[in-house]
Amino acid sequence: MRQLYFALGLLFLISLIVQACSNEPKPTAKLEDEKLDSLDACATIKDPNQPKPMALMMRQMAANSDSMKAKISRGEVLDSLQYPFIRFYAVEPTDPNVLEPNFFEKARLFQAAYKALFQHPSEQKTYYNLMIQACVNCHENYCSGPLKRIRKLPIQ
Ligand code: HEC
C-alpha cells in the first residue's frame, strides 16, 4: 500500500513538473485586455514585472490624463502644480532603440503642447485634446499598443 502511495505521489510530482515545463509562464494572463495590447505591440517590453522608468512614467502620465479629463469635464481649471511635467524622455526606456532624433522631436512637441494647456486656462478642453493628440503622434511611431487606451482620452 505504501508503495502504491509512493508511486501515485511520484506520478503526481512528475505530472506537475511536466505541466510546469510545457506551460509557458503566463504573467500577463491576469492583466486586462488593454495591458495585453500594450505588451504585444511594445514587443520590446521584456519583463513586465520589472518595468523600466520610462514605462512607469508613461503609466503615471496616462493616470494623470484620466484625472485631467475628469476635472475639465466637471468644469474645473487644471492647476499646473498638481500636474508637473514628467520628463519621461530623460529616463531609461524598455527599448533603448527608441532614443532617436524623431523620438526626441515628438517629445519636444508633446512638451510644448503640455505647456500650452496650462497657458490657456479658459480653453483647457481644446488644449487638453491637443496634448492628447501629441501622445498619439508619438505612439503611432513608437509603441502602438497603448493607442487604444490613449484614443479614449480626448474629451468629446
Ligand atoms: C515622444 C514619444 C511619446 C509620447 C509623447 C508619449 N508616449 Fe507613451 N510611450 C512611449 C514609449 C516609447 C513607451 C514605451 C516605454 C517603455 O516601455 O519603456 C510608451 C509607453 C506608454 C504606455 C505603456 C506603459 C506600460 O508599459 O504600461 C502608456 C499607457 C502610454 N505610453 C501612454 C501615454 C500617454 C497617455 C501619453 C500622453 C499624455 C504618452 N504616452 C505620450 C512614447 C511616448
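**First stop: around the ligand**

Begin by selecting the ligand together with its shell, to which α3 gives the most, with 7 residues; helices here are DSSP runs of H or I with at least four residues, strands are runs of E with at least two, and both are numbered from the N terminus. Before going further, note that this is a predicted model, in which local features need pLDDT of at least 70 and side-chain atom pairs count only at pLDDT 80 or more, while totals for chains, interfaces and linings use all residues. Residues are numbered from 1 along each chain as its sequence is written.

Now select Met58, Thr94, Phe110, Cys135 and Cys138, which come nearest to the ligand out of the 28 residues around it, where a residue counts as near if its C-beta atom, placed from the backbone, lies within 6 Å. Colour α3 (53-73), α4 (101-119), α5 (124-139) and α6 (147-150), each of which supplies at least two residues of this shell. By type, the shell divides into 20 nonpolar, 4 polar and 4 charged residues, with Ala, Val, Leu, Ile, Met, Phe, Trp, Tyr, Cys and Pro taken as nonpolar, Asp, Glu, Lys and Arg as charged, and the others, Gly among them, as polar.

**Second stop: the whole chain**

Zoom out to the whole chain, whose secondary structure comes to 6 helices and 0 strands. Of its 156 residues, 15% count as buried; a residue is buried if 20 or more other C-beta atoms lie within 10 Å of its own, exposed if 12 or fewer do, and partly exposed in between, with C-beta atoms placed from the backbone. Among contacts between residues at least 6 apart in sequence, 66% join residues at least 24 apart, a contact being a pair of residues whose C-beta atoms, placed from the backbone, lie within 7 Å.

Which residues of α4 are buried? They are Lys106, Phe110, Tyr114 and Leu117, and seen down the axis they fall within an arc of 80°, so they line one face of the helix; the arc is that of the directions from the helix axis to the C-beta atoms. The face turned away from this buried side carries the exposed residues Pro101, Phe104, Glu105, Arg108, Ala112 and Gln119. What covers the buried residues of α4 includes α5, which is the next selection.

In α5, 16 residues reach 22 Å from the first C-alpha to the last, close to the 22 Å expected at 1.5 Å a residue. Its buried residues are Gln124, Tyr127, Tyr128, Met131, Ile132, Cys135 and His139, and they cover an arc of only 145° around the axis, which puts them on the same side of α5. These buried residues pack against α3, α4 and α6.

Select the 10 residues of the largest nonpolar core, namely Met68, Phe110, Tyr114, Leu117, Tyr127, Tyr128, Met131, Ile132, Cys135 and Ile150; such a core is a set of buried Ala, Val, Leu, Ile, Met, Phe, Trp, Tyr and Cys residues joined through C-beta atoms within 7 Å. The elements that give two or more residues to this core are α4 and α5, and α5 gives the most, with 5 residues. Leaving aside neighbours within four places in sequence, Met131 is in contact with Ala113, Tyr114 and Leu117.

Select Ser65, which is found in helix α3 and is buried, with 20 other C-beta atoms within 10 Å. The C-alpha atoms of Ser65 and Ile132 are 8.1 Å apart, although the two residues are 67 apart in sequence.

Move to Met54, also a residue of helix α3, where the C-alpha atom is separated by 7.3 Å from that of Thr94, 40 residues apart along the chain. Not counting residues up to four places away in sequence, Met54 touches Phe88, Val91, Glu92, Pro93 and Thr94.

Finish at Cys143, in the loop between α5 and α6. Most residues other than glycine have a negative phi, but Cys143 has a positive phi of about 65° although it is not a glycine. Cys143 is buried, with 22 other C-beta atoms within 10 Å.

Definitions and conventions
Contact = placed C-beta atoms within 7 Å. Expected span 1.5 Å × (residues − 1).
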